[in-house]
Amino acid sequence: MGRSRRGAVAALAVAAAVLAVAGCGDGTPDGVELTSGPRAAVPGGADRIAPATTSTTTAPPAPASPGAAAALRAALERSRSQPTVRTTLTMEMPDPVGSIVTESSGTSDGRVQTGVTEVPGAGQVPFRIVDGTMYYAFPGLPAGTAWVSLDSDQFEAMTGMDLQALVEQQDPFGPLQDLSFLDGAREVGAGTVDGRPATEYEVDAELAELFDRVAGAGVLSGTAAADATRAFGPTTTLHYWVDDTGLLVHQRYELDIVAAAAGFDVSMIGESIGYDVVFDRYGEPIDVTAPDPATVMSFDEFRAERD
């Protein structure tokens with residue numbers, strides 16, 4: 001797969017990932033100080049970032065009910081109100097890309113984050129988001145350079161997404177909370193997420209409606225939303241797990257590739273992209289600062305150095 005196709009696949013995967021993260025995004029409460037140490041090590045000292053292991057009941061889900069919808073909305077609101085959260089996101093991409101795993105800690109509005117992405121063939125790439133700018137510690141940078149900065153214009157050109165809207169808008173995912181599809185939530189039953197008790201819910205969603213809402217929130221360009229609507233669809237089932245404290249702890253869904261659009265060719269029709277995210281360590285303080293400017297090169301400089 002060529003460079004342009006990889007970029008298009010990644011762009012649509014990022015756009016897809018935005019859709020389901022309705023559990024985070026209401027701003028950092030006044031008085032919160034992000035002052036603790038760096039990102040915690042992977043449990044057990046593993047070399048790889050570990051995705052969630054989830055077990056739920058095998059009984060069929062109950063019919064849609066107001067009670068299930070209310071419980072899920074309450075969990076989303078409670079989770080969004082937390083000052084910070086750690087997420088472990090796994091995207092299962094069609095071959096030859098494979099699994100892309102990202103672990104990050106940050107404010108619940110996404111404006112400040114620190115973490116690491118593990119990409120097949122590239123290893124682990126640390127990143128930071130500070131004041132609307134993304135910083136990546138790519139391997140093989142010139143001596144004295146530790147980070148590559150990516151501003152909003154460059155980010156939108158690569159992904160079709162508005163970085164400023166994504167990380168600075170007070171509540172970029174709020175519109176998803178009000179969609180009528182949440183009224184169709186069903187309780188699946190009791191299970192566990194990484195050994196913790198949790199209740200699973202599921203809800204069906206029309207992808208065109210979701211992409212339109214995200215575009216309307218300014219996070220996704222209209223062109224990217226239209227491309228995603230053509231490539232994926234037409235529906236998906238979102239799975240949510242809520243723990244016994246009422247917090248969202250796991251989310252899972254899949255997108256089927258149904259058309260050759262925005263970099264997906266005919267050979268990929270019939271394949272799927274899996275999206276899985278675990279939420280934990282709510283409210284833990286973090287410390288994220290922009291890198292020393294002397295150690296940063298711009299993305300344009302990085303691209304020119306690679307060409």
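**A chat about buried sites, salt bridges and cores**

Visitor: Thr117: buried or exposed?

Guide: Thr117 is buried, at a relative accessible area of 14%. Buried means under 20% relative accessible area, exposed over 50%, and partly exposed in between, using a 1.4 Å probe and protein chains only. This is a predicted model: local features need pLDDT of at least 70, side-chain atom pairs count only at pLDDT 80 or more, and totals for chains, interfaces and linings use all residues. Residues are numbered from 1 along each chain as its sequence is written, and side-chain values use heavy atoms, with hydrogens and water left out.

Visitor: Which strand holds Thr117?

Guide: Thr117 sits in strand β4, residues 112–119. Strands are DSSP runs of E with at least two residues, helices are runs of H or I with at least four, and both are numbered from the N terminus.

Visitor: What does Thr117 touch?

Guide: Leaving out residues up to four places away in sequence, Thr117 touches Ile100, Val101, Thr102, Gly123, Gln124, Val125 and Phe127. A contact here means heavy atoms within 4.5 Å. With Thr102, the side chains also make a polar contact of 2.9 Å. A polar contact is a pair of N or O atoms within 3.5 Å; within protein, one must be able to donate a hydrogen and the other to accept it, and residues adjacent in sequence count only if both atoms are side-chain atoms.

Visitor: Zooming out. How many helices and strands in the protein?

Guide: The protein has 8 helices and 13 strands. Of its 307 residues, 49% are buried. Taking contacts between residues at least 6 apart in sequence, 66% join residues at least 24 apart.

Visitor: Salt bridges next. How many in the whole structure?

Guide: A search finds 9. A salt bridge is a side-chain nitrogen of Lys or Arg within 4 Å of a carboxyl oxygen of Asp or Glu. One of them pairs Asp280 with Arg86, with the closest N and O atoms 2.8 Å apart. This pair links distant parts of the chain: Asp280 is in strand β12 (residues 272–280), Arg86 is in strand β2 (residues 84–93), and 194 residues separate them.

Visitor: Are those two buried or exposed?

Guide: Asp280 counts as buried, at 15% relative accessibility. Arg86 counts as buried too, at 7%.

Visitor: Which residues make up the salt-bridge network?

Guide: Arg86, Glu103 and Asp280 are linked in a network of salt bridges.

Visitor: And Glu202, what does it form a salt bridge with?

Guide: Glu202 pairs with Arg186, the closest N and O atoms being 3.1 Å apart. Glu202 is in strand β9 (residues 196–206) and Arg186 is in strand β8 (residues 186–193), 16 residues apart. Glu202 is buried at 11% relative accessible area, and Arg186 is buried at 16%.

Visitor: How far apart are Asp227 and Arg230 in helix α7?

Guide: They are 3 residues apart in helix α7 (residues 222–231), so about one helical turn separates them. Asp227 counts as buried at 18% relative accessibility, whereas Arg230 counts as partly exposed at 46%.

Visitor: Cores now. Which residues touch the most other members of the largest one?

Guide: Phe181, Val203, Phe232, Leu238, Tyr240 and Phe264 do, in a core of 40 residues. The elements giving two or more residues to this core include α2 (66–80), β2, β9 and β12. The largest share, 5 residues, comes from α2. A nonpolar core is a set of buried Ala, Val, Leu, Ile, Met, Phe, Trp, Tyr and Cys residues joined through side-chain atoms within 4.5 Å.

Visitor: What other core is there?

Guide: Another core, of 12 residues, lies apart from the largest one; among its members are Val125, Phe127, Leu150 and Phe299.

Visitor: Where is Trp241?

Guide: Trp241 is in strand β10, residues 235–243. Trp241 is buried, at 6% relative accessible area. From Leu72, Trp241 is 169 residues away in sequence and 9.0 Å away in space, C-alpha to C-alpha.

Visitor: Last topic. Where is confidence lowest and highest?

Guide: Lowest is helix α1 (residues 3–20), at a mean of 40; highest is strand β13 (residues 296–298), at 94. That score is pLDDT, the predictor's confidence in each residue, from 0 to 100. The protein averages 73, and 69% of the residues score at least 70. Residues 1–49 stay under 50, and residues 168–175 are below 50.
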